[in-house]
Amino acid sequence: MMIDKYSLAERTETLLEYPKIMENAASFSASEEAANIIKDSKPFYDADRAAEVKETVFAIYTLIKSRNDEPRSNLPSIGFLLPKIETQGTVLALDEALATGLFIERGTELTNWIIKERAEKEQNTKGRQRLLALISEEALPDCSPAVAEIFKVIDREGNLRDLPALRAIKKRISALEKELKTAVTRYTAQDEYKRMLQSPLPSQRDGRTVLAVKANYRGRISGIVHEVSSSGQTVFVEPLDVVEKNNDILLEKRNLDAEIQKIMRELTEKINAGAENIKKLHTTVIELECLRTRAKYSLATKGHFAKDADGGHETLVLKKARHPMLKKAVPINIEMKNSTRTLIITGPNTGGKTVALKTLGLLAMMNQSALALPVEEGSVLPLFDGIYADIGDEQSIDQSLSTFSAHITKISAITACATENSLVLLDELGSGTDPQEGGAIAMAVLDYMIEKNSRMIITTHHGILKNYGYTRQGVENASVEFDAQTLSPTYKIINGLPGESRAIDIAEGNGLNGVIVKNARKYIDEEKSDISELIKGLEQKQRELAGIEQKSTAEQNRLKEEKRKADLKELQLRQKETELKRESIGKLQVFLGESRKTLENLVRELKEGEVTREKTLKVKEFLNTLAHNAEMESSVLNEEERLVREQFLNMRENGESGEGATGGVTFAPGMEVFAGSSKQRGVIVRADKKKTAGNSWIVKTGSLKISFPEKDLVPAVPLKEKISASWAAEYGSPESAVLELKLLGMRLDEATSAVRRQIEAAVLSGLKSFSVIHGMGNGILQKGIHEYLKNDPAVADYYFARPELGGFGRTEVILR
C-alpha cells in the first residue's frame, strides 16, 4: 500500500499531536469563524509564506504586549449570512441584522487598533509593514452607512426600537388587551360564574384567551369550545363576547408582524447596497483575527519565537525545549550545527529518545504555524518544505501489516516525498526484524537520504549504526545520558557520543529474575566487543570534561563576582571621600564668609590709622584668591562625583552588577539617591504602586515628591552593599494575582475584599484580565460584585462569560 504525500503529512501531524496544539490556540480567538479556521489550519510549508505570517504575528504580539488598549469584544459569526445579504429580495431576521451590525462595529474597532499610530521604529519592521498592507483602504471599505441603518431600527440588545410606524399599532393592541381583560374579568370575578370555572385564571389556546369551564356547566356559558381535557372534566370555552375582542387583537398583531416584516425588508435592502464592502471587511477582519489568535496564544504560553536559520538550512538549535503537551516535561537541548545534516541518537529505553523526536517535530510544525515555542530565547529553526515522521508501532491485522511491514511502508513513502529542505524523523530505524538485515536496511536508507541531503534525526539500538555515524560526513552521533548508579535516565542529549542500550541494567531494575539477569550478563561477557568498552570510556571522559567545564564556569563566576564587589567597594570609598571633602569645603566656605566680614571691618578700622590703600587692596586680593581656590576645589569634587555616577551606570549597563539592574543594591524607603537626568539628591519615600510597567519609586527632592523609574536612580552616599531588610520583608508583599478568582461560599463583604485585593495584585503584576466565579444563587453576590467593579477606577469593563464558560455565574473583568 503506497501512501501519498498529503496522507503522509496528515498522519505525521496526527502522530505529533499537532491538531491538539491548534485546538488550544483556537480557544484564544474572539471569533468562532476564526477559531474554526485555526483548528483546520496546517503548517505553512512554503518558506516565504511561513516567514511572512510569522513576522506579521510577531508584530501583533508586540502590539498586544506593549499596549493595554486591545479590543476584547467577541466577533459574531456572519460568514453564513453573506450569501443572504448579497441576494436581492431576502429579509434578515432581527438577530441576523444585529450580528451584522456588531461584526462591522467590532471588526472596525480591531482594525483601528492596529492602524493606530505607533513609534517610528515599530512602523519600520517588516511585520508591521505587512500588517499595515493587510489593512489597506481597499481591504477596509467604509461600512458605517450599513451600521447606522441597522442601529436606527434595532438596539444593541437585538430589540426593535420604538418606531412611529409600530407605536400606533402597539397602542391599539394595548387598548384591545385591556378591553379583553375587562370582558374576561366579568366571568372570573362574579360569583355566579366563579363556581362554574375549574380555574379563576384564563388560559390560552392557539393565541386566543379561553376559560377553563367545568364540563357540567358547559351549557351555562355560551361560546366556542376549543379543547376538552383528557379527563373530560374541563372544557376550554371562548365566550361569545370575548370572540370578537380576540379577533381584533389577532388582527392587530398580524398588522404588527406585517409592519415589522416591511421594516426588516427595507433594512435588508439598505444593507444589500453595501454587501460587497461587508464581504471585503469580513475577509480582512477574520484574517486579522486568525493572526491575533496566534499572537494571543504565544503570549499566554510565555514562549519565544524561534529565529530563522541564517543562510538557509545550516543550523538547528533548540535550547531547553519542552513538549507543550506534557505537564512535567524535562527541558532538552538539540543541536545540529555547521554541516551536520543527520543526527543518530542512541541510548537506553525510556531515556527520552522518542520524546526528543516528537518534541522537535511538533515544535517545527508550531514554528511554521507562526506560534511561539516553549524554548529559551536564542533557539534557531530552519523552515522546512515538509515534516515527516515514523514513530511508534502501526502494525495492522486488517491490512496484514506486521510491525516491520508497517515501518517499511511508511519509510518508503518518506523516502519518496522528502527533499533537501525536509525534516525526517525516524524512530528505531531497522527494528522489527533480524538485527543484521535490519541494520543493513537502516544504513541503506541513511545513504539514500544523505544523498538527497535531507535534514534527518533517527533513533536506534543497532550497534552498527553507531560506527556508521563516525564514518560518514555530515552525520553525527548523539546519546541520551544514563545514570549508572540510579539506573535512571537524565534525559540530557550529548552530541558526539553514541550511547549504550543498558537493556540488562533496566531489566534488572524492573524486577527481572536475578538468575536470568546473571545468565544474560554471562552471554554478553562471552561475546562482548571492544566497542562497548570504548563507549564506556568515551562516556567517562565526557563526564570528566563536563565536570571540569562546570568548575571552570563556577570559578569564572566567582572571580567576576569578586571583581564586581571590589569595583563596588572602590566606588563606595570614592563617594565617601568625596562627601568628606565636600563637608570640609562647606565648613571652609562658612569660615571664609565669616572671615571676609571680619577682615573687611578690620580694614575699615585700620583706614583711620596708618594703613594705606595699597595695603587694603592686598587684603581684599588675598580674600578673593581664597574664595577662588575654594570654588575650584568644589568644581573638582563635582567632576569626581559625576565620574563616580557614570562608572556606576556603566557597570549597570554592562551587566557587571551581578544582582539585577541596580548594581547589587536593593532600593528601599529611606535610601539616599541621585534621581533623574539632573541627578538631584533625594530620599526614597515609598514604592510607586500606580506604575505598572517596571519598578518606580516616589523620591523626595527638597519639598517635592516625584516618581522616578528605578533605572533613573543612582544610590548616593552612604551606600550599603546590602540592605538589612528588603521592602517585601518590611512592608509585606502583595498577594499574587490569579487568572480565576473563586468567591463561592463567601459573604458579600468577604467577596468584595477578595476582589479588591485581586485587582491590586493584578495591577502590580501587569495582569490585564481575569475571571470572577461568583455563581448565580439568589444573585446577591453577583449584584454586589458588579456594583463594586462598576465603581472601581482600575476596571475598564466587565461582563458575563459566554454560556459554555459559566454564563451568569462567571464575570470577565478587564483592567485599564
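Rings of Phe, Tyr and Trp (for Trp, the six-membered ring) pair if their centres lie within 6.5 Å. With that criterion in hand, the tour can start; note that the model is predicted.

**Aromatic groups**

Select Phe-58, Tyr-61 and Phe-305 first: these residues form one aromatic cluster. By the pairing rule, the count comes to six aromatic pairs. Next, select Tyr-187 and Tyr-193. Their ring centres are 5.0 Å apart and their planes stand at 65 degrees, so this pair is edge-to-face, given that planes over 60 degrees apart count as such. Tyr-187 is buried, with a relative accessible area of 5%, and Tyr-193 is buried as well, at 14%.

Move on to Phe-800 and Phe-808, which form an edge-to-face aromatic pair with 4.9 Å from centre to centre and 85 degrees between the planes. Here Phe-800 is partly exposed, at 29% relative accessibility, whereas Phe-808 is exposed, with a relative accessible area of 52%.

**Charges over rings**

Select Phe-151 together with Arg-156: the charged end of Arg-156 sits over the ring of Phe-151, 4.0 Å from the ring centre. Then select Phe-236 and Arg-205. The charged end of Arg-205 sits over the ring of Phe-236, again with 4.0 Å to the ring centre.

**Helix H10 and Ile-169**

Display helix H10, residues 164–189, and pick out Ile-169 within this helix. Ile-169 counts as buried, because its relative accessibility is 7% and the limit for burial is under 20%. Which residues is Ile-169 in contact with, leaving aside its neighbours within four places in sequence? They are Glu-252, Asn-255, Leu-256 and Glu-259.

Turn to helix H13, residues 275–300, where His-282 has its place. His-282 is buried, with a relative accessible area of 10%. Not counting residues up to four places away in sequence, His-282 touches Glu-33, Ile-78, Gly-79, Leu-82 and Phe-103.

The largest nonpolar core has 97 residues, of which Ile-334, Leu-360 and Ile-457 touch the most other members. Helix H13 supplies the largest share of this core, ten residues. Centre the view on Ile-334: beyond residues up to four places away in sequence, Ile-334 touches Leu-316, Val-317, Leu-318, Ala-356, Leu-360, Ile-457 and Ile-493. Another core, of 22 residues, lies apart from the largest one; among its members are Val-445, Leu-446, Tyr-468 and Val-475.

**The four-stranded sheet**

For the last stop, display the open sheet of four strands, which has the order S20-S21-S23-S22 and mixed pairing. Strand S20 (740–742) and strand S22 (795–800) are the edge strands, each pairing on one side only. On average, neighbouring strands of this sheet are turned by 25 degrees against each other, direction ignored.

In what sense do S20 and strand S21 (residues 769–773) pair? Their pairing is parallel, over three bridges. To inspect it, select Glu-740, which stands opposite Ser-771 in S21.

Technical notes:
Residues numbered from 1 in each chain as written. Predicted model: local features only at pLDDT ≥ 70, side-chain atom pairs only at ≥ 80, totals over all residues. Heavy atoms only, no water. Phe/Tyr/Trp six-rings, centres within 6.5 Å; stacked < 30°, edge-to-face > 60°. Buried < 20%, exposed > 50% of the residue type's maximum accessible area, 1.4 Å probe, protein only. Lys NZ or Arg CZ within 6 Å of the ring centre and 35° of its normal. Helix = DSSP H or I, 4+ residues; strand = E, 2+ residues; numbered from the N terminus. Contact = heavy atoms within 4.5 Å. Pairing = 2+ DSSP bridges. Axes fitted to C-alpha atoms, helices over the stretch in contact; angles between N-to-C directions. Core = buried A, V, L, I, M, F, W, Y, C linked by side-chain atoms within 4.5 Å.
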